[in-house]
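Please keep the sequence and the model in view while reading.

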Amino acid sequence: MKKVYIVIVNWNGWQDTVDCVQSLLSLNYSPCTVVICDNGSKDESLHKLRDWMEEREIEWAEYTAAEAETGGVPSWDYPFVLIRNGENLGFAGGNNVALRYALARDDFGYAWLLNNDTVVEPDALDALVRRMQEEPSAGMCGSTVRYYDRRYKVQAYGGGHYCSWVGLPWHYGRFVPPWFKADPAAAERSLNYVEGASLLVSREFIAEIGLMCEDYFLYFEEADWANRARRRFTLAYASKSVVYHKVGRSIGTRSNPRKKSYTCDYFNVRNRILFTRRYFPRALPTVYLVLLWAMLLRLLLLKFDRAVMIYKLLFGEGTGGLPSAREPRR
């Protein structure tokens, strides 16, 4: 079996990270190495994670980001690696440090990007790897992602479809009733991105397509990654890989504009504009119309700061600093 690096980014969420890693101890797949990248947490996450591993007599290596990106100590092959990023690098940036570590060591077949607010079934990783092996053209593979507190309800069957004309991703299975049984083949055909809460990526995909784009900081990274790989790699879905997602524990991710945090709202709007400019410029007029409606909705909800934020992003004050298209640093 090919080695898998399991990558978890932690930011002020050590309790969720411990729950996630605890579930990983029951995985029936090997060999694998768990890499926890701490994005400059201020809640004593590093101390708590070290204490947890010591209590369970788990051996681990610990590096700074710079040390990790060169592969660390070649002779150290511990089951856990803790990386101190030193600052909040965002979703892509945090994951990329671990991916550079894996690439520098060059001893793996896959990397499993896993949100820290998830827990997994014991056969979740085995099912992902088997599905990738069944589809040699696949570069990314997603899981059946269910809500942690409502396990009967599906968040995504593998991923979903990004609608360029409105600038929104729609997770396949998000609005289906609990009794609905998805056809895995149909779900797989519908994908043009893989849900980032549980994303297996091959070594070949990373080598050819590159790392995740760090321009977004939050949201749209997996859609960007998949879009860059179009016509070179396909996307796969492992229906028997089941992952439970707590959803938005770190930054208040919500679809309901009444409940989503300012951070969630800002990066969602900002990155819809950025992603559309980069890949679907012809859809900018309709995306802007949708965002104008979103601005009016926030006015109706008396969320004036959100309405001002969207206005600035739409009309230049907030978008002048948006990064231009570029390849992420390898």
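In which sense do S1 and S5 pair, and over how many bridges? The model is a predicted one, and in it the two strands run parallel, joined over four bridges. Tyrosine 5 has alanine 111 of S5 as its bridge partner. S5 is also joined to strand S12 (residues 198-202) by five bridges, and here the strands run antiparallel. Within that pairing, leucine 114 stands opposite serine 198 of S12.

Strand S5 covers residues 110-114, and five of its five residues are buried, so the strand is largely enclosed by the rest of the structure. In a regular strand, side chains alternate between the two faces of the sheet. In S5 both faces are covered: Tyr110, Trp112 and Leu114 are buried on one side, and Ala111 and Leu113 are buried on the other.

The aromatic rings come next. A pair of rings is described by the distance between the centres and the angle between the planes. The model has 21 aromatic pairs. One of them joins tyrosine 5 and tyrosine 101 edge-to-face, with 5.9 Å from centre to centre and 85° between the planes. Because tyrosine 5 lies in strand S1 (residues 4-10) and tyrosine 101 in helix H4 (residues 90-105), this pair ties together parts that are 96 residues apart in sequence. Tyrosine 5 and tyrosine 101 are both buried. They also belong to one aromatic cluster, formed by Tyr5, Tyr63, Trp76, Tyr78, Tyr101 and Phe108.

Another pair, tyrosine 162 with phenylalanine 280, is stacked, at 5.9 Å centre to centre and 25° between the planes. Tyrosine 162 is in strand S9 (residues 159-163), while phenylalanine 280 is in the loop between helix H9 (262-279) and helix H10 (284-300), so the contact ties together parts 118 residues apart in sequence. Tyrosine 162 is buried, its relative accessible area being 6%.

Arginine 151 lies over the face of tyrosine 244, 4.1 Å from the ring centre. Over the ring of tyrosine 148 sits the charged end of lysine 246, at 4.9 Å from the centre.

Finally, the annotated regions. An unreviewed UniProt entry places "domain: Glycosyltransferase 2-like" at residues 6-153. Over this range the chain is 36% helix and 27% strand, with the end C-alpha atoms 25 Å apart. UniProt (unreviewed entry) also lists residues 279-301 as "transmembrane region". There the chain is 78% helix and 0% strand, and the end C-alpha atoms lie 32 Å apart.

Terms used: Residues are numbered from 1 along each chain as its sequence is written. This is a predicted model: local features need pLDDT of at least 70, side-chain atom pairs count only at pLDDT 80 or more; totals for chains, interfaces and linings use all residues. Side-chain values use heavy atoms; hydrogens and water are left out. UniProt positions are given in the numbering used here, feature names are shortened, and annotations may be inferred rather than shown by experiment. Rings of Phe, Tyr and Trp (its six-membered ring) pair if their centres lie within 6.5 Å; planes under 30 degrees apart count as stacked, over 60 as edge-to-face and the rest as tilted. Buried means under 20% relative accessible area, exposed over 50%, partly exposed in between (1.4 Å probe, protein chains only). A charge sits over a ring if NZ of Lys or CZ of Arg is within 6 Å of the ring centre and within 35 degrees of the ring normal. Two strands pair if DSSP finds at least two bridges between them.
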